[in-house]
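Okay, thanks for coming, everyone.

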Amino acid sequence: MAGFSRNVISSSLVAVLFFLLLSFTEARDHLVGGKTDSWKIPSSESDSLNRWAEKSRFLIGDSLVWKYDAKKDSVLEVSKRDYVTCNSSSPIAVHNDGNTKIELTHSGAYYFISGAKGHCEQGQKLIVVTLSEKNMRRFMGAPAPSPTEFDGPAMAPTSNAISLKTSSVMALGVLMGFLF
């Protein structure tokens, strides 16, 4: 009977480990700014969307979601040069449906500005840095790279920190080793 309960526990732990690992690789939707009314001129530098992006982690396959009044604004994906100069005349893509969802398909920086006249110059813009899945798994405990200082392909942050997720996976692996 003891062998039976050991097999049940082992099987349960394998299932938990499988679903735990599966949840780490799932693409996520990120509501820009963390709330529905974030796509607007920031009230202060600390209220800028780049501050929000610095605190977030973005992987290939994740999506950014904007909620805004389509009658008054739009989201333009632009080059770095157009981001810096707030040039809206040659965007990579224009989104004006009020409920914009953009999938992050490659590692590196994405640049977005408001399509409303004068809004970008007042700070309504966003840089998002997407890390590759390989670098994300390797450096999950490190702080996110600062989008305001980003200048080139996505660089992996460096840190000796171990994330809670990695620790959980390791603990389950050790526990499974004791059961076999």
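**Walking along the chain**

So, reading along the sequence, the order you get is α-β-α-β-β-β-α-β-β-β-β-α-α. That's 5 helices and 8 strands for the chain. Keep in mind that this is a predicted model.

How far can we trust it? The mean pLDDT for the chain is 76, with 59% of residues at 70 or more. Two stretches to flag here. Over residues 13-24 the pLDDT is below 50, and that stretch has 16 contacts in the model beyond its near neighbours in sequence. Residues 152-176 are also below 50, and there the model has 39 contacts beyond near neighbours in sequence.

Now, how is the chain put together? Take the contacts with a separation of 6 or more: 72% of them are between residues 24 or more positions apart. As for burial, 37% of the 180 residues count as buried.

Rolling a probe the size of a water molecule over the atoms shows where empty space is left. The one I want to show you is the second largest pocket, with a volume of about 170 Å³. Which residues lie nearest its centre? Those are Gly33, Ser38, Asp47, Ser48 and Leu49, out of 13 residues that line the second largest pocket. By type, that lining splits into 5 charged, 4 polar and 4 nonpolar residues.

Okay, that's my bit. Happy to go back to the picture.

Key: Residues are numbered from 1 along each chain as its sequence is written. This is a predicted model: local features need pLDDT of at least 70, side-chain atom pairs count only at pLDDT 80 or more; totals for chains, interfaces and linings use all residues. Side-chain values use heavy atoms; hydrogens and water are left out. Helices (H or I, at least four residues) and strands (E, at least two) are DSSP runs, numbered from the N terminus. Buried means under 20% relative accessible area, exposed over 50%, partly exposed in between (1.4 Å probe, protein chains only). Contact means heavy atoms within 4.5 Å. On a 1 Å grid over the protein atoms alone, a cavity is a set of points where a 1.4 Å probe fits but cannot get out, and a pocket is an open set with protein on both sides within 12 Å along at least five of seven lines; lining residues have an atom within 4 Å of a point. Grid points are joined across faces, edges and corners, and a volume is the space filled by probe spheres set on the points. Ala, Val, Leu, Ile, Met, Phe, Trp, Tyr, Cys and Pro count as nonpolar, Asp, Glu, Lys and Arg as charged, and the others, Gly among them, as polar. pLDDT is the predictor's confidence in each residue, from 0 to 100.
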